[in-house]
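Here is a friendly walk through one protein model, written for someone meeting it today. Have a look at the picture, then read on.

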Amino acid sequence: MCGCRASVPSTKHYSINPAPTTKSPPAAAVMPKRIPIPKQLASIKALEKGSDLEKAFATAALVYNNSADPEGKLSKAETKSLLQTQFSRFIQGQENKPKYQEIISALDEEPEKKIDFEDFMISLVSLALLSDLLQEIKNAKSTK
């Protein structure tokens with residue numbers, strides 16, 4: 001051996017997979033960065049020339065899918081929270097209406113029970129139909 005550092009035998013043993021010196025956060029704590037809904041919509045080729053109604057429905061589906069678990073379902077508690085945060089202007093002021101109370105009570109029963117997209121949309125449309133905002137939208141002028 002020539003005596004250079006690379007050729008001097010060492011008594012120190014190295015591990016092939018050394019243990020990390022810093023503890024990494026659990027996988028659940030590392031949340032992937034979500035792609036904004038408009039970018040997701042833009043990536044759907046079939047909607048490039050889609051109508052406003054098609055894009056509105058696709059937006060509702062994307063909002064649901066972004067919140068759903070890997071099986072495509074939401075708990076009733078998650079559904080209620082999603083509706084209260086993403087649909088607040090439609091449900092604002094509806095708290096005293098019996099139908100609103102019925103819908104929310106159904107979500108409060110067994111809050112861990114999972115619901116699918118179809119049940120989510122039924123709740124969404126039911127709340128929209130109750131809304132005072134829907135009446136305001138109906139009364140909006142479509143021309144100047």
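Helix α2, residues 52-67, packs against α6 at an angle of about 120°, and their axes are 11 Å apart. That angle makes α2 oblique to α6. As for handedness, α2 passes α6 in a right-handed crossing. On the α2 side, the contact is made by Phe57, Ala60, Ala61 and Tyr64, and α6 brings Phe117, Phe120, Met121 and Leu124. What kind of residues are these, nonpolar, polar or charged? The contact of α2 with α6 has 8 nonpolar residues, with no polar and no charged ones.

Keep in mind that this is a predicted model.

Helix α5 (residues 98-108) packs with helix α6 (residues 117-130) at about 160°, their axes lying 10 Å apart. With an angle like that, α5 is roughly antiparallel to α6. The crossing of these two, α5 and α6, is left-handed. Who meets whom? Lys99, Tyr100 and Ile103 come from α5, while Ser126, Leu127 and Leu130 come from α6.

Helix α3 (residues 76-86) packs with α5 at an angle of about 140°, and the two axes are 7 Å apart. So α3 counts as oblique to α5. From α3, the residues in this contact are Lys76, Ala77, Thr79, Lys80, Leu83 and Gln84; from α5 they are Tyr100, Ile104, Ala106, Leu107 and Asp108. Sorted by type, the contact of α3 with α5 holds 6 nonpolar, 2 polar and 3 charged residues. Tyr100 of α5 turns up here, facing α3, and also in the contact with α6.

| Helix pair | Angle | Axes apart |
|---|---|---|
| α2 and α6 | about 120° | 11 Å |
| α5 and α6 | about 160° | 10 Å |
| α3 and α5 | about 140° | 7 Å |

Stepping back to the whole protein, how many helices and strands does it have? There are 7 helices and 2 strands. Going along the sequence, the order is α-α-β-α-α-α-β-α-α. Of the 144 residues, 24% count as buried. If you take the contacts with a separation of 6 or more, 69% of them come from residues 24 or more positions apart.

One stretch carries a label from a record. An unreviewed UniProt entry annotates residues 53-92 as "domain: S100/CaBP-9k-type calcium binding subdomain". In the model, that span is 75% helix and 5% strand, and the C-alpha atoms at its ends lie 23 Å apart.

Two single residues are worth a look as well. Asn66 sits in helix α2. Leaving aside residues up to four places away in sequence, Asn66 touches Arg34, Ile37 and Gln40. Pro36 is 30 residues from Asn66 in sequence, yet the two are 9.8 Å apart in space, C-alpha to C-alpha.

The other one is Glu110, in the loop between α5 and β2 (114-115). Glu110 isn't a glycine, although its phi is positive, at about 50°. Is Glu110 buried or exposed? Glu110 is exposed, since its relative accessible area is 54% and the cut-off for exposed is over 50%.

Technical notes
Residues numbered from 1 in each chain as written. Predicted model: local features only at pLDDT ≥ 70, side-chain atom pairs only at ≥ 80, totals over all residues. Heavy atoms only, no water. UniProt positions renumbered as here; feature names shortened; annotations may be inferred. Helix = DSSP H or I, 4+ residues; strand = E, 2+ residues; numbered from the N terminus. Axes fitted to C-alpha atoms, helices over the stretch in contact; angles between N-to-C directions. Parallel < 35°, antiparallel > 145°, perpendicular 65-115°, else oblique. Left-handed = near helix turned anticlockwise from the far one by under 90°. Contact = heavy atoms within 4.5 Å. Nonpolar A, V, L, I, M, F, W, Y, C, P; charged D, E, K, R; others polar. Buried < 20%, exposed > 50% of the residue type's maximum accessible area, 1.4 Å probe, protein only.
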